[in-house]
Amino acid sequence: LQTTSYNFSSTDTTPEVCVGVVKATGTYPKTPAQHACDLEMLESKEELKHVFTNMDTGGLKQVECVRVDGASDEGPGHEEVQYWWTLRHIRKRKLATLVTTRSSGSSYLNRVELQNGCLSRSHANLFIPSTLGGSCIDPLTGQIDEQLLHTNRDFAIDVYISRVNKAPCGNTEISLHKGPDSTTY
């Protein structure tokens, strides 16, 4: 399983919010499209509305400042990443969208890295069997049953979220959500 962490820094009007989107590798790709789909899903969550909404006007915040790690699936220097942020900027009618990457070697200064450490502590010693819905091997053919594999991965995500959701992180908790399917995105 893989958790994509989102850290919404505190402002004068919004407290720090720590969120994780839990996905199973092989089922959900780690791509710019998946991250765009994840962000849209988070934006639709009622408990996260205050992160994306200007509480004075009730409309969407007009400026987004986003810090990413710079890898090929998030880095602002990559064309596909630029496409998805530009599309979001246009669709959401933003005044400004600023996507920056941290400097090399500065991971220890990144709040998301702290958040990942909090998640690691919370899921330490957690064992989730990969066969919660049964063996993925078809006994007649010896081949992998892809549908059952997908089902088992979904079960594992559900177990992980049930055990690790609301993990403490700094002065807040990490809210975990199941990743959306980006294949039609």
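Is lysine 166 buried, partly exposed or exposed? With a relative accessible area of 43%, lysine 166 is partly exposed, where buried stands for under 20%, exposed for over 50% and partly exposed for the range in between (1.4 Å probe, protein chains only).

## Basis of the model

The model is predicted: local features need pLDDT of at least 70 and side-chain atom pairs count only at pLDDT 80 or more, while totals for chains, interfaces and linings use all residues. Residues are numbered from 1 along each chain as its sequence is written, and side-chain values use heavy atoms, with hydrogens and water left out.

## Overall architecture

The protein contains five helices and six strands, arranged along the sequence as β-β-α-α-β-α-β-α-α-β-β. These elements are DSSP runs numbered from the N terminus, with helices being H or I of at least four residues and strands E of at least two.

The C-alpha trace spans about 60 × 35 × 35 Å along its principal axes. Of the 185 residues, 37% count as buried. Among the contacts with a separation of 6 or more, 60% join residues 24 or more positions apart; a contact means heavy atoms within 4.5 Å.

An open sheet with mixed pairing is built from four strands in the order 1-2-6-5; two strands pair if DSSP finds at least two bridges between them. Strand 1 (2-8) and strand 5 (167-169) are the edge strands, and each has a single partner strand, so one side of each lacks a neighbour in the sheet. Neighbouring strands are turned by 30° against each other on average, direction ignored. Strand 5 pairs with strand 6 (residues 172-178) in the antiparallel sense over three bridges, and cysteine 169 has threonine 172 in strand 6 as its bridge partner.

Two helices lie across strand 1, strand 2, strand 5 and strand 6: helix 4 (residues 111-123) and helix 5 (residues 146-164). Helix 4 runs at about 135° to strand 1, whereas helix 5 runs at about 165° to strand 6. For these angles, axes are lines fitted to C-alpha atoms, for helices over the stretch in contact, and values run from 0 to 180 degrees between N-to-C directions.

## The parallel strand pair

Strand 3 (residues 63-68) and strand 4 (residues 96-101) run parallel and are joined by six bridges. The covered face of strand 3 carries Glu64, Val66 and Val68, and the uncovered face carries Val63, Cys65 and Arg67.

Together with helix 3 (residues 79-91), strand 3 and strand 4 make a right-handed β-α-β unit. Right-handed here means that, with the strands pointing away from the viewer, the path from the first strand over the helix to the second runs clockwise.

## Loop residues with positive phi

Asparagine 125, in the loop between helix 4 and helix 5, has a phi near 70°, a positive value in a residue other than glycine. Asparagine 125 is exposed, with a relative accessible area of 82%.

Lysine 166 lies in the loop between helix 5 and strand 5. The phi of lysine 166 is likewise positive, near 70°, and this residue is not glycine.
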